[in-house]
Amino acid sequence: MSELHIQGVSRTFTSAKGPATQALLPVDFHVADNDFVTILGPSGCGKSTMLRIVAGLDQPTAGRVLLDGQPVTGPGADRGMVFQSYTLFPWLTIEQNIRFGLRERGVAESVQKERAAYFIAKVGLRGFEQHYPKQLSGGMQQRTAIARALANDPKILLMDEPFGALDNQTRVLMQELLLGIWEAERKTVMFVTHDIDEAIFMANRVAVFSARPGRIKSEIAVDLPHPRHYRVKTSPEFMELKARLTEEIRAESMAADAH
Amino acid sequence: MSRVMGAMPADPQPGAATAPAHAAPRRRLRPLEPVAPRTRWLLGAAFFVLFVAVWSVATLGGYVSPTFLASPVTMVQEGWLLFTQFGFLHDIGMTVWRVLGGFFLAALVAVPLGICMGAHKGVEAFLEPFVSFCRYLPASAFIPLLILWAGLGELQKLLVIFIGSVFQIILMVAVTVGSARKDLVEAAYTLGATPTGIVRRVLIPGAAPHIAETLRLVLGWAWTYVIVAELIGSSSGIGHMITDSQALLNTGQIIFGIIVIGIIGLVSDFLFKAVNRRLFAWSVI
């Protein structure tokens, strides 16, 4: 069981000169076990800030985050994260990258190898174990990053626009891959994106963020059946959700633009 | 001409075949345009040839007095004498030993300290101002003091190189480690790394290629310090040979000594580069 509670979390960035910036208004949010939630919002709305607070990489100005009832005080292996930028360790091979977290936590070498092999196969990178990150395409690097996070067996997987830097075709394939893994492994996932199709396609629930200062404006359940195929994107249900979210995001983007 | 004409019909597009030939020289003038490895090598060697040619004309042509500048021929002859009659190999050995010894000691102290400063901002705040100040103290100005403290022996020579290198290495290593990629550090934290793990398995490996490059650079500087140290109060070494030759107005030997330093420096640099490339293959792929 893993349950995430975000309780009254807000964040204000202060600077030595100039006024303080309120990035996040108090947010209350709940992610249930095995849930796949996407956080959708215009860029700069504070959705990444919220995810970083959950990861423990940033501290909230007020409020708290509870994972299984335990308050989050800093980063930890129980919350795996995949970043938008390519964060593989360039001096480690693909296999060593995937084993990094296990090694840091002192897991037995045989278990490290076994889990690395399992997730390398899962993300379709067999044959690339001994390559260095620079030798791989962006999509392959992000697949490795997903495998690296999953190999650590976190309670929740936090994803901060992980496919944002990829080209459109690759992004679509990555969405299918991630969804396939989620359908098989049933991990709890919190996925931040500004792409509406991406938000609907993978999620059970879409939380729409308002423009800065960010807050959760609405939550929309996505009741499309699993396993989802890419063809679901052309179904009337999908289209209807997309039209609705497009309206919501459009209003927020315009508000953000007016600032 | 006729052979070119004969080749024409075989070519499906005669115009296209001649176009790159015209374009090639123009492309070479474009900024940042790479040159072929062979051309690169030839160009590099060509300057050495040009340099020796100008030197030969100036000296052998009688434009410069041999008292002030020996000709390449004299230089080679004097060099031969140095090796066969004056035990120059021993001098070279001493100098190399001093450079490597002083440099190794400096690296041994400076690299861990630099890593510590780069990783921990408190340590940096504590040491950085002092080290920055020390960096500007000229190593050669310490020679009289060091002679007073350590005598004329090997320790004094090693200390000159040590003082000349250690502060430079500390600062450059600290900057390298301190400018580590934040996102890699964050990724490591989310994978469960401890602060010690971050330093040992993220900051150090990430900075290693740069640290190695820093060491290569500073080793080059160490060569200049050693000669200065040997010019004053020394009874062996390349620098000592140069002061001896100066007393005898033997410019041939002086130039030969300088060229030997240059060659050893070049070779050590080359070896260092090769080792770095092997050790840190990931950073140059």
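Analyst: A note first: domain bounds come from an automatic or database domain assignment. The model itself is predicted.

User: What distance separates the centres of domain 1 and domain 2 of chain B?
Analyst: The assignment for chain B gives domain 1 as 2–64 and domain 2 as 75–284. Their centres are taken over C-alpha atoms. The separation is 38 Å.

User: How many helices and strands does chain B have?
Analyst: Along the sequence, chain B reads α-α-α-α-α-α-α-α-α-α-α-α-α. The count is 13 helices and zero strands.

User: What share of the residues of chain B counts as buried?
Analyst: Burial here needs 20 or more other C-beta atoms within 10 Å. Chain B has 285 residues. The buried share is 33%.

User: Are α8(B) and α10(B) roughly parallel or antiparallel?
Analyst: Helix α8 of chain B covers residues 154–178. It packs on α10(B) at an angle of about 155°, with the axes 8 Å apart. Angles over 145 degrees count as roughly antiparallel. So α8(B) and α10(B) are roughly antiparallel.

User: Which hand does the crossing of α8(B) and α10(B) have, and how do the residues of their contact divide?
Analyst: The crossing is right-handed. By class, the residues of the contact of α8(B) with α10(B) are 16 nonpolar, six polar and two charged.

User: Which element gives the most to the side of chain B that touches chain A?
Analyst: The contact takes 23 residues from chain A and 16 residues from chain B. On the chain B side, two or more residues each come from α9 (182–190), α10 (195–231) and α13 (281–284). With six residues, the top contributor is α9(B).

User: How many nonpolar, polar and charged residues are on that side of chain B?
Analyst: The side in question is the one that touches chain A, with 16 residues from chain B. It has nine nonpolar, five polar and two charged residues.

User: Which residues of chain B are in contact with A:P75?
Analyst: Neighbours within four places in sequence are left aside. In chain A, the contacts of A:P75 are A:A55, A:G56 and A:L57. In chain B, they are B:Y189 and B:T190.

User: How far apart are the C-alpha atoms of A:P75 and A:R52?
Analyst: A:P75 and A:R52 lie 23 residues apart along the chain. Their C-alpha atoms are separated by 9.1 Å.

Terms used: Residues are numbered from 1 along each chain as its sequence is written. Chains are lettered from A and ligands numbered from 1 in the order in which they are written. This is a predicted model: local features need pLDDT of at least 70, side-chain atom pairs count only at pLDDT 80 or more; totals for chains, interfaces and linings use all residues. Two residues are in contact if their C-beta atoms, placed from the backbone, lie within 7 Å. Helices (H or I, at least four residues) and strands (E, at least two) are DSSP runs, numbered from the N terminus. Ala, Val, Leu, Ile, Met, Phe, Trp, Tyr, Cys and Pro count as nonpolar, Asp, Glu, Lys and Arg as charged, and the others, Gly among them, as polar. Axes are lines fitted to C-alpha atoms, for helices over the stretch in contact, and angles run from 0 to 180 degrees between N-to-C directions. Angles under 35 degrees count as roughly parallel, over 145 as roughly antiparallel, 65 to 115 as roughly perpendicular and the rest as oblique. A crossing is left-handed if the near helix is turned anticlockwise from the far one by less than a right angle, and right-handed if clockwise. A residue is buried if 20 or more other C-beta atoms lie within 10 Å of its own, exposed if 12 or fewer, and partly exposed in between; C-beta atoms are placed from the backbone.
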